[in-house]
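Please open the model in your viewer and keep the selection panel at hand.

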There are 2 protein chains.
Amino acid sequence: MNFSSRKIELAVEEISRLPGIGKKTALRLALHLLRRPAGQTESLSAALLDLRNNTTFCSECHTISDTEICSICSSPKRDKSIVCIVEDVRDVMAIENTGGYSGVYHVLGGLISPMDGIGPSDLTIDALIDKMKTGEVKEVVFALNTTMEGDTTNFYLYRKIKDFGASLTTIARGIAVGDELEFADEVTLGRSIQHRIPYEQSLPQ
Amino acid sequence: MNFSSRKIELAVEEISRLPGIGKKTALRLALHLLRRPAGQTESLSAALLDLRNNTTFCSECHTISDTEICSICSSPKRDKSIVCIVEDVRDVMAIENTGGYSGVYHVLGGLISPMDGIGPSDLTIDALIDKMKTGEVKEVVFALNTTMEGDTTNFYLYRKIKDFGASLTTIARGIAVGDELEFADEVTLGRSIQHRIPYEQSLPQ
């Protein structure tokens, strides 16, 4: 693109480094900020810098937290013997929104992905193993996405923690509630049939 | 959404004030920045602040420019008697990319839109009228988008500048090159037939 200003070119370059934002969208966002009061750009910049430089992670579950131990890990109502392994804080938020989980989490901070240069040592796997060594964990629930990276990470973790005596489970995969069978992909439908459950368990409780 | 950190909530709030970005996308972008080196967030913030606080507009055509007069207005190759009226710098860039226009521009900085509280005085219309008063403009090309706001602005400008003796033209609307007739909307196809041109003019020159 042929920019009339070096400043706007630089801003577009920086904005378009964000995932899913191309040059055209970046230009639209930059022009939007130019039309709004300067205060909006200032508070956006300040919020981003504050997030990046001052965010802390919960020392127990590694989720993003403002306090040393997050509100979930410090709650007396949560069952610390059940640990749900998730990729990042978005998954924690998604599961929390269901209101159906009373255990705690362990946030890996990513998935093993040799293509992106992310190995086991870049994730919080050592902390998970330390947690397993205490012997207080009775169940580990794998809740990683079913991508190639997710499956690789699942299997790596499985081999690392299978001998600690905790039961290892994974969240159920199947046809989403409300979805029609005929439009489901075969893998999902196949798993859905293979892992069928007693009818009584599917009734609202 | 149920955020585990006030900092991330604030960042998501600020990012999602940008057009076309919802809370979920904002969270994805915030988490992306958290995973990258702090330098990326710093250069993004700096570029946005620099753009917002230090950008200047060309004193002749009002496009975004690093200099008092932009490279288009200061070029001796451009014909200053032809002025193309556009909404913002994106339209200047789009027309410049065609390489088929040798006149200059006049950037309005928006469109008249009572719904958004944008009136004629918020745009660079007075500067356009001053330009017309010099008598040096021989042709004005309207190149605003054909939305309700664009048409309103076109008509407002038409009434303001029609008596200055310049010829007033508008860019051609019709079926896009390569598009199929049967899929075109009626209004476009109708205009395409109504404003047909001599065949010889359509040949590559």
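Begin by selecting Ser45(B): of the residues of chain B, this one comes closest to the rotation axis, with its C-alpha at 2.4 Å. The same surface serves both copies, since 100% of the contact residues of chain B recur in chain A; residues are in contact if their C-beta atoms, placed from the backbone, lie within 7 Å. The model is predicted: local features need pLDDT of at least 70, side-chain atom pairs count only at pLDDT 80 or more, and totals for chains, interfaces and linings use all residues. Residues are numbered from 1 along each chain as its sequence is written, while chains are lettered from A and ligands numbered from 1 in the order in which they are written.

Next, select both chains. A rotation of 180° with 0.1 Å of shift along its axis superposes chain B on chain A, with an RMSD of 0.1 Å (least squares on the C-alpha atoms of residues with pLDDT of at least 70 in both copies). The two copies are thus related as by a two-fold rotation axis.

Now display the interface, where 51 residues of chain B are in contact with 51 residues of chain A. On the side of chain B that touches chain A, the elements giving two or more residues are helix 1 (6–15), helix 2 (23–35), helix 3 (38–54), strand 2 (64–65) and helix 4 (89–98) of chain B. Helices (H or I, at least four residues) and strands (E, at least two) are DSSP runs, numbered from the N terminus. Helix 3 of chain B gives the most to this side, with 15 residues.

Then turn to the open sheet of chain B, whose four strands have the order 4-3-5-6 with parallel pairing; strands pair if DSSP finds at least two bridges between them. Strand 4 (103–107) and strand 6 (167–170) of chain B stand at the edges, each with a single partner strand, so one side of each is left without a neighbour in the sheet. Select strand 5 (residues 139–142) of chain B: four bridges join this strand to strand 6 of chain B, and the two run parallel. Within strand 6 of chain B, Ser167(B) is the residue opposite Glu139(B).

Finally, select chain A, which holds seven helices and six strands. Colour its domain 1 (6–54) and domain 2 (76–171) separately, with bounds from an automatic or database domain assignment. The centres of these two domains of chain A, taken over C-alpha atoms, are separated by 34 Å.

Note on methods:
Contact = placed C-beta atoms within 7 Å.
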